[in-house]
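Hi,

Here is the structure I promised to pass on. Please open it first, then read my notes below.

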Amino acid sequence: MNKKELEILERTLKMADGYFDAFCEVTDSHVLSQEEIDLLEDEQQKEEAQEALEFDELLKKSQEIIEKYINN
């Protein structure tokens, strides 16, 4: 992967993270921990919370991968 490709991926990731943050702010929600999700009784809420947690983790993991390539 060349430097230009990494810059594009990094920019895209930052935009996705910004959109996710804005979504959470507009919907007045935040990412729950797995322990908090497990305590939810409503299945719809549990499903939505699990999806948000997975998306947040995916963004973080993607950033780690990009940083690994940028630093090498």
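H1 and H3 are roughly antiparallel to each other, because their packing angle is about 155° and anything over 145 counts as roughly antiparallel. Bear in mind that this is a predicted model. The two helices cover residues 3-26 (H1) and residues 43-71 (H3). Their axes lie 10 Å apart. The crossing of H1 and H3 is left-handed.

**The H1/H3 contact**

Which residues of H1 meet H3? They are Leu-6, Leu-9, Glu-10, Leu-13, Ala-16, Asp-17 and Phe-20. Across from them, H3 supplies Ala-52, Phe-55, Asp-56, Leu-59, Ser-62, Gln-63, Ile-66, Tyr-69 and Ile-70. Sorted by class, this contact has 11 nonpolar, 2 polar and 3 charged residues.

**The core**

The largest nonpolar core has 6 residues in all. Leu-13, Phe-20, Cys-24, Ala-52, Leu-59 and Ile-66 form it. H1 and H3 are the elements that give two or more residues to this core. As background, nonpolar side chains in soluble globular proteins tend to be buried together.

Leu-6 sits in helix H1. Is Leu-6 buried or exposed? Its relative accessibility is 9%, so Leu-6 counts as buried. Set aside its neighbours within four places in sequence, and Leu-6 is in contact with Met-1, Ile-66, Tyr-69 and Ile-70. Of these, Ile-66, Tyr-69 and Ile-70 belong to the H3 side of the helix contact. Ile-66 is also part of the largest nonpolar core.

Asp-56 is in helix H3. Asp-56 has a relative accessibility of 15% and therefore counts as buried, the cut-off being under 20%. Leaving out residues up to four places away in sequence, Asp-56 touches Phe-20 and Val-31. Phe-20 is one of the core residues.

Glu-67 is also found in helix H3. Glu-67 has a relative accessible area of 40%, so this residue is partly exposed.

**Sequence versus space**

Glu-67 and Leu-6 are 61 residues apart in sequence and 9.1 Å apart in space. Leu-6 and Val-31 are 25 residues apart in sequence and 27 Å apart in space.

Best wishes

Terms used: Residues numbered from 1 in each chain as written. Predicted model: local features only at pLDDT ≥ 70, side-chain atom pairs only at ≥ 80, totals over all residues. Heavy atoms only, no water. Axes fitted to C-alpha atoms, helices over the stretch in contact; angles between N-to-C directions. Helix = DSSP H or I, 4+ residues; strand = E, 2+ residues; numbered from the N terminus. Parallel < 35°, antiparallel > 145°, perpendicular 65-115°, else oblique. Left-handed = near helix turned anticlockwise from the far one by under 90°. Contact = heavy atoms within 4.5 Å. Nonpolar A, V, L, I, M, F, W, Y, C, P; charged D, E, K, R; others polar. Buried < 20%, exposed > 50% of the residue type's maximum accessible area, 1.4 Å probe, protein only. Core = buried A, V, L, I, M, F, W, Y, C linked by side-chain atoms within 4.5 Å.
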